[in-house]
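Take a look at the chain shown below. This report walks through a few of its features, one at a time.

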Amino acid sequence: MLLTPQFLKQLDPFHIRAKHSFRGKFRGERRSLNRGTGMEFADYRVYEPGDDLRHVDWNIYARLDRLFIKLFHTDESLPLVFLIDNSRSMEFGSPTKLMCAKQVAAALGYIALAHADSIAVYTCSERLSSTLSPTSGKSQFPRLTKALDRIAASGETRLMECFKQLRMYQRYPCMVVILSDFLEPNGYADGLKLLSGRGFSLTAIHLISREEMDPQAHLDDTLASGDWLVEDAETGETRAVTVNAETLAQYQAQQQTFCETLQRFCTDQGINYAQLKSDTPIESFILQELHKAGFIQRNR
């Protein structure tokens, strides 16, 4: 079970906060960019053959002797996409980073579905794969959890390629929540800029494990120093490393720099950023951190 029933009840008072309007596919609760036949007046346009005469403004016709159609705001769902990094490096940690990513997607997906927003799930390793096609409605939550349960770690990280492919899957810009450790050998900057430049609203949830941040705290004293043969979790390549207090300190400094650089990059690019350590309770991360960051809000 990804989330407890008690936690799901705690999520009921919240909704996903959208900074921008997007073109949705499903009927929902949010103001759409499209014009339709809703209840709130939006604009006029010139009548075209085949238009419904019931929407002609006859008062304007009486004054101008021209036919105009009244346009109204339509309510559509917020299109929300979860992009889950399922490369082999996401298997690290206790619980694993991948499990945390699934829990975050399940929690935010539940909130979105409860408010008639549409969600879709893609996995991202060496290529982009559709795990759950766009769907809407609270009744679809079991489909979401089943889709998330089926996700397994495999392959290497290729974020740039996956971001390019996402643009082909998603015809229009939407909200994208990226759940990843961002350990991309070729970097993440160009890929994030690509999506952001195409109008996608991005949230980067950076998943790290305590073991990665402080390996010494999770090693037996007899293993915390000496010569090691280290294997890359994704490529299988090995490298001889001498572990001592100095190398551990250098490693931790590099880890800290990596996290700070990613956060600074996201801030500079207008990308929402949140960091989740894998041993942090999912409840506190969603209800406190994401609420404080403004990604979710209480219903009025």
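## Surface and cover

A residue counts as buried when its relative accessible area is under 20%, as exposed when that area is over 50%, and as partly exposed in between. Keep these cut-offs in mind. The model is predicted.

Take Tyr61. Its relative accessible area is 34%, so Tyr61 is partly exposed. Tyr61 lies in helix α2, which covers residues 58-64. Together with Leu53 and Trp58, Tyr61 forms a nonpolar patch on the surface. The accessible area of Leu53, Trp58 and Tyr61 together is about 310 Å².

## A pair of strands

Strand β6 runs through residues 118-124, and strand β7 through residues 128-136. In which sense do β6 and β7 pair? They are antiparallel, and 6 bridges link them. A hairpin of 3 residues joins β6 to β7. Within this pairing, Tyr122 stands opposite Ser130 in β7.

## Salt bridges

How many salt bridges does a search of the whole structure find? The count is 7. One of them joins the side chains of Asp12 and Lys138, at 3.7 Å from N to O. Asp12 sits in the loop between α1 (5-11) and β1 (14-16), while Lys138 sits in the loop between β7 and α4 (141-149), so the pair ties together parts that are 126 residues apart in sequence. Asp12 is partly exposed, with a relative accessible area of 34%. Lys138 is also partly exposed, at 44%.

Another salt bridge brings together the side chains of Lys97 and Asp181, at 2.9 Å from N to O. Lys97 belongs to helix α3 (residues 97-114) and Asp181 to the loop between β8 (175-180) and α6 (189-197), so this pair ties together parts that are 84 residues apart in sequence. Are these two residues buried or exposed? Both Lys97 and Asp181 are buried. Salt bridges with shared partners join Lys97, Asp181 and Glu212 into one network.

Arg158 and Glu156 form a salt bridge too, and their closest N and O atoms are 2.9 Å apart. Arg158 has a relative accessibility of 27%, so Arg158 counts as partly exposed.

## Cysteines

A disulfide is a covalent bond between the sulfur atoms of two cysteines. How many disulfides does the structure hold? The number is 0.

Cys174 has a relative accessible area of 1%, so Cys174 is buried. Cys266 is buried as well, with a value of 0%.

Note on methods: Residues are numbered from 1 along each chain as its sequence is written. This is a predicted model: local features need pLDDT of at least 70, side-chain atom pairs count only at pLDDT 80 or more; totals for chains, interfaces and linings use all residues. Side-chain values use heavy atoms; hydrogens and water are left out. Two strands pair if DSSP finds at least two bridges between them. Helices (H or I, at least four residues) and strands (E, at least two) are DSSP runs, numbered from the N terminus. Patches are made of residues with over 30% relative accessible area and no salt bridge: like charges are joined within 9 Å, nonpolar side chains (Val, Leu, Ile, Met, Phe, Trp, Tyr) within 5 Å. Accessible areas come from the Shrake-Rupley method with a 1.4 Å probe; for residues, only the protein chains shown count as cover. A salt bridge is a side-chain nitrogen of Lys or Arg within 4 Å of a carboxyl oxygen of Asp or Glu. Buried means under 20% relative accessible area, exposed over 50%, partly exposed in between (1.4 Å probe, protein chains only). A disulfide is a pair of cysteine sulfur atoms within 2.5 Å.
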